[in-house]
Amino acid sequence: MEKLIKKIKDFSELVMFQHSVFALPFIFIAMVVSSSQVNGTPWFGFKLLVLGTLCAVFARNFAMGFNRFMDRDIDALNPRTKNRPNVDGRISAKAMFVFFFANALAFILVAYFVNNLALILSVPILIVIGSYSYFKRFSYLAHIILGVSLALAPIAGVVAVSETIPLWVIFLSIGVMFWVAGFDLLYSLQDIDVDKKLGLHSVPSIFGANKTMLFSKIFHTLTIIFWLLFVIYSSSSYFAYFAVVIATLMLSYEHYLVSKDFRKIDRAFFTVNGYLGIVFFFLIVLDNIFF
């Protein structure tokens with residue numbers, strides 16, 4: 001039993017399970033808004049709650065497992081990542097392959113039980129979220145690809161509820177894309193020297209720290225603009241507008257932290273962005289309950 005628990009912990013560390021907080025709120029934001037418009041109630045049902053959660057978990061496990069599998073050589077050369085389970089021998093390459101392949105199949109299977117459009121989109125979604133591991137080897141657009149990967153979450157949420165892709169969810173998703181790409185730029189500042197040494201195409205290694213922070217600010221400005229468009233085009237009300245205001249303040253605080261001390265990047269990345277998604281979700285829920 002102790003060995004099993006340890007192995008579960010190792011795989012949880014491999015995929016950084018706690019980071020699911022970035023994608024899950026926006027899946028459910030899209031499901032809540034879609035259900036309010038289609039069903040007249042923000043509650044989309046227990047079945048979709050379970051299926052939506054499973055899809056998010058399996059998709060993220062696949063993406064992270066595949067990324068760790070592909071990055072074994074890179075992570076071994078980076079002091080920050082050399083103690084990860086994919087490098088230090090705790091999880092073998094074979095076990096990682098079985099893990100991400102099994103999660104891919106599970107994602108497709110769950111999508112089958114959601115609806116036909118979800119099933120049709122399941123394989124293209126896996127291809128997109130798996131492509132991040134390749135892009136950073138030849139293009140600094142890898143940050144955008146990571147953003148696109150998480151931006152698929154709200155689209156998947158709407159598809160699950162209504163089998164449609166309305167304009168408002170496109171705005172929400174584009175906002176998520178720029179949000180994720182923006183904080184990934186800041187996070188990648190930690191590896192600027194290693195990326196240069198290994199020839200990886202990150203924005204910091206090519207453009208430097210100052211321009212990276214500027215690009216991140218531009219991305220997060222676009223995030224707020226597109227989230228505001230989401231609120232307008234989804235005909236949301238006061239709580240939703242307040243959610244955008246709170247997001248603006250939290251992103252500003254994130255940039256303040258990083259500009260003062262790069263050692264606070266972890267705090268900015270995990271704490272601020274984690275709470276941002278949760279607060280945004282609860283305010284959207286309140287908006288759909290009371291308005």
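**Burial, span and packing in a predicted model**

Me: Why does S202 count as buried?

Reply: The relative accessibility of S202 is 7%. Buried means under 20%, so S202 at 7% counts as buried. The structure is a predicted model. S202 lies in the loop between helix 10 (192-198) and helix 11 (203-207). Leaving aside residues up to four places away in sequence, S202 touches Y140, H143 and D195.

Me: What is the mean pLDDT of the protein, and what share of its residues reach 70 or more?

Reply: The mean pLDDT is 89, and 93% of the residues reach 70 or more. Among the elements, helix 1 (residues 2-15) has the lowest mean pLDDT, 72, whereas helix 12 (residues 209-233) has the highest, 96.

Me: What makes helix 12 roughly antiparallel to helix 13?

Reply: Helix 12 and helix 13 (residues 238-260) pack at an angle of about 175°. Angles over 145 degrees count as roughly antiparallel, and therefore helix 12 is roughly antiparallel to helix 13. The axes of helix 12 and helix 13 are 9 Å apart.

Me: Which residues make the contact of helix 12 and helix 13?

Reply: Helix 12 contributes M213, S216, K217, H220, T223, I224, W227, L228, V231 and I232. From helix 13 come A240, Y241, V244, A247, T248, L251, E254, H255, V258 and S259. By class, this contact has 12 nonpolar, 6 polar and 2 charged residues.

Me: How do you know that the span of helix 13 agrees with its 23 residues?

Reply: At 1.5 Å a residue, the 23 residues of helix 13 should span 33 Å. The end C-alpha atoms of helix 13 are 33 Å apart, so the two values agree. The buried residues of helix 13 are A240, A243, V244, I246, A247, M250, L251, E254, H255, L257 and V258.

Me: Why is F242 called partly exposed?

Reply: F242, found in helix 13, has a relative accessible area of 43%. Buried means under 20% and exposed over 50%, with partly exposed in between; F242 at 43% is therefore partly exposed. The C-alpha atoms of F242 and F215 are separated by 25 Å, although these residues are 27 places apart along the chain.

Me: Is E163 buried, partly exposed or exposed, and what makes it so?

Reply: E163 has a relative accessible area of 42%. Since partly exposed lies between under 20% for buried and over 50% for exposed, E163 is partly exposed. E163 is in the loop between helix 8 (142-162) and helix 9 (167-187). Phi of E163 is near 55°, a positive value in a residue other than glycine.

Me: Why is S235 called exposed?

Reply: The relative accessible area of S235 is 66%. Exposed means over 50%, so S235 at 66% is exposed. S235 is found in the loop between helix 12 and helix 13. S235 has a positive phi of about 55° although it is not a glycine.

How values were computed: Residues are numbered from 1 along each chain as its sequence is written. This is a predicted model: local features need pLDDT of at least 70, side-chain atom pairs count only at pLDDT 80 or more; totals for chains, interfaces and linings use all residues. Side-chain values use heavy atoms; hydrogens and water are left out. pLDDT is the predictor's confidence in each residue, from 0 to 100. Helices (H or I, at least four residues) and strands (E, at least two) are DSSP runs, numbered from the N terminus. Axes are lines fitted to C-alpha atoms, for helices over the stretch in contact, and angles run from 0 to 180 degrees between N-to-C directions. Angles under 35 degrees count as roughly parallel, over 145 as roughly antiparallel, 65 to 115 as roughly perpendicular and the rest as oblique. Contact means heavy atoms within 4.5 Å. Ala, Val, Leu, Ile, Met, Phe, Trp, Tyr, Cys and Pro count as nonpolar, Asp, Glu, Lys and Arg as charged, and the others, Gly among them, as polar. Buried means under 20% relative accessible area, exposed over 50%, partly exposed in between (1.4 Å probe, protein chains only). The expected span of a helix is 1.5 Å times one less than its number of residues.
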